[in-house]
Amino acid sequence: MIQRSLLRHVQAVRHLPPYASRTTPIKRGATQRLPALSSPQRLPSQRYYSAAAEPATNPSSEPPSSSSASSEAQEQEDPTKKELDTKNREIIDLKDRYLRSVADFRNLQDRTKRDVQSARDFAIQKFATDLIESVDNLDRALGTVPASKLAPQNSDPDTPPESKEYNKDLANLYDGLKMTERILMGTLKKHGMERFDPSEGKGEMFNPNLHEATFQTKVDGKEDGQVFMTQQKGFSLNGRVLRAAKVGVVKNS
């Protein structure tokens, strides 16, 4: 800026008009007035540039910042990391599918095993249910024979058999039926079918899963809820109730 100001000042001085005649004598003691300088002409502005070539700045030659270096490193690592993450997800998904398949297969094995065992245990369920009526009729037939008709009332050994008051043929028939019932129930028990009478012995407590109460009444010497009479015996097959026993229950309160 200083150089440009000096240049403009020098150029203005060069274009000044000449002074008045220099041959004019100047009186001693008198002051000579110099003509006023005319205003310098305004020259067109010029710009001066240095001849030295400015060094070219290459953005790529500048040292990369830490953020750019990290971004470039991430861009270089992203494909590998992305592929690794994809493979890990695939492995997790395949492992989950494998475990689920193994669990489903084991559940299927257990369910099939239970179904086969159930089919084996209850294959004769329909046959056993139909056979219950026959067993009941045989039990009723044995129950209709009074005990007095099965043994002689006169137990004197000196009395001839002809004079003993009992029917020998009826006793033989009863013994045959009793033996038939015992063999039949033993055969059914081998296949898992059993008959139960809740009034035998002291009497069981009422169980709604095994018993069907037909009536309630007061009975001395018995507890409330105790079975004291069986109208119809119950049957079970391998722990499954085929028919509940119809019983009478004590209710003293």
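In what order do the three strands of the open sheet lie, and what is the pairing? Before selecting anything, note that this is a predicted model, in which local features need pLDDT of at least 70 and side-chain atom pairs count only at pLDDT 80 or more, while totals for chains, interfaces and linings use all residues. Residues are numbered from 1 along each chain as its sequence is written, and side-chain values use heavy atoms, with hydrogens and water left out.

Begin with the sheet, whose order is 2-6-3 with mixed pairing; strands here are DSSP runs of E with at least two residues, numbered from the N terminus, and two of them pair if DSSP finds at least two bridges between them.

Now show the side chains of Phe 215 in strand 2 and Phe 228 in strand 3, 13 residues apart. Their ring centres are 5.8 Å apart and their planes stand at 85°, so the pair is edge-to-face (centres within 6.5 Å; planes under 30 degrees apart are stacked, over 60 edge-to-face, the rest tilted). Phe 215 is partly exposed at 27% relative accessible area, and Phe 228 is partly exposed at 25% (buried is under 20%, exposed over 50%, partly exposed in between, with a 1.4 Å probe and protein chains only).

Finally, select Arg 240, which lies over the face of Phe 122 at 3.6 Å from the ring centre (NZ of Lys or CZ of Arg within 6 Å of the centre and within 35 degrees of the ring normal).

Key:
Helices (H or I, at least four residues) and strands (E, at least two) are DSSP runs, numbered from the N terminus. Rings of Phe, Tyr and Trp (its six-membered ring) pair if their centres lie within 6.5 Å; planes under 30 degrees apart count as stacked, over 60 as edge-to-face and the rest as tilted.
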